[in-house]
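This report describes selected features of one protein model. Please examine the sequence and the structure before reading further.

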Amino acid sequence: IRSVGFGAAVETGVVSIRSHVDNTKTFLGPLLSYRLVAAYGVAGLKAFNVVVFVAIFGVQAAIGRRLFDRKLTVYALVLTAFYTGTLRNVAASEPEDMIASLLFALGALGWLAGRSAVLTGLVMGCAFLFKFWILIFFGGFLLVLSLRREWVVAAAAGTAFAVPFLCVTVVDGGASLFALLGSVERQRGYSPWPVVAFRLLTTGLVPAFLAAGLAAVRRPGHATAFTF
């Protein structure tokens, strides 16, 4: 509701992209959300999310086929399909999260397919425009490159990643940069650490992180490093 409202306010001139921001994202996602609702209603927004989810599912299947056997890929796809966060994004109509996930996954698939680090960084940088949490996962991608001692590649990917955000920041007069810095400040202390720890455990993030790290140590290789 907040995202659609912000997009509507920008579209109708009530607020400006150069003076107002929506938390954790640039103005692009809210504008898209508003135009989808304006053209097709809330049902159209939900349908859009379902289409993007299917696309994410397909991209993840393609990543799995490149890295793992059929059984493990199926397990991963089942987790994706029934993960609570995924279902929330579809049911609650969160197009920004869905687009960010899809673009990041496409960037990862491109890198696995042998595309340049610059192109990978650009695609992941576009994902960052829709949700700032992408930066955390891009840091993980840079870690993979660093562990492989691909310093030049990591620098090229990082530079390319920043380009889309810099372009948007020029367009909105620095408002997106303010949104990024402001969101970090707003999230600080939003939940007490015991709650954060509990959620990291119950969502499976910490177990998955530890399991992937253990696999990367015991079976070093491209697939386990990428997963970690």
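In this predicted model, Arg149 is found in the loop that joins α7 (134-147) to α8 (151-171). Although Arg149 is not a glycine, its phi is positive, at about 60 degrees. Most residues other than glycine have a negative phi. Arg149 is also exposed, because its relative accessible area of 64% is over the 50% cut-off.

**Packing of two helices**

Two packed helices are described by the angle between their axes and the distance between the axes. For helix α6 (residues 117-130) and α8, the angle is about 35 degrees and the axes lie 7 Å apart. The crossing of α6 past α8 is right-handed. Residues of α6 in this contact include Gly121, Leu122 and Phe128, and those of α8 include Ala157, Phe161 and Val168. By class, the contact of α6 with α8 comprises 16 nonpolar and 2 polar residues, with no charged ones.

Rolling a probe the size of a water molecule over the atoms shows where empty space is left. Across the whole structure, the search finds 1 cavity of 30 Å³ or more. The largest cavity holds about 60 Å³ of space. Among the residues lining the largest cavity are Phe6, Ile17, His20, Asp22, Lys25 and Asp172. Helix α9 (residues 175-187) contributes the most to this lining, with 3 residues.

The table divides the lining of the largest cavity by residue class.

| Class in the lining of the largest cavity | Number |
|---|---|
| Nonpolar | 6 residues |
| Polar | 3 residues |

Definitions and conventions: Residues numbered from 1 in each chain as written. Predicted model: local features only at pLDDT ≥ 70, side-chain atom pairs only at ≥ 80, totals over all residues. Heavy atoms only, no water. 1 Å grid on protein atoms, 1.4 Å probe; cavity = no way out; pocket = protein on both sides within 12 Å on 5 of 7 lines; lining within 4 Å. Points joined across faces, edges and corners; volume = space filled by probe spheres on them. Helix = DSSP H or I, 4+ residues; strand = E, 2+ residues; numbered from the N terminus. Nonpolar A, V, L, I, M, F, W, Y, C, P; charged D, E, K, R; others polar. Buried < 20%, exposed > 50% of the residue type's maximum accessible area, 1.4 Å probe, protein only. Axes fitted to C-alpha atoms, helices over the stretch in contact; angles between N-to-C directions. Left-handed = near helix turned anticlockwise from the far one by under 90°. Contact = heavy atoms within 4.5 Å.
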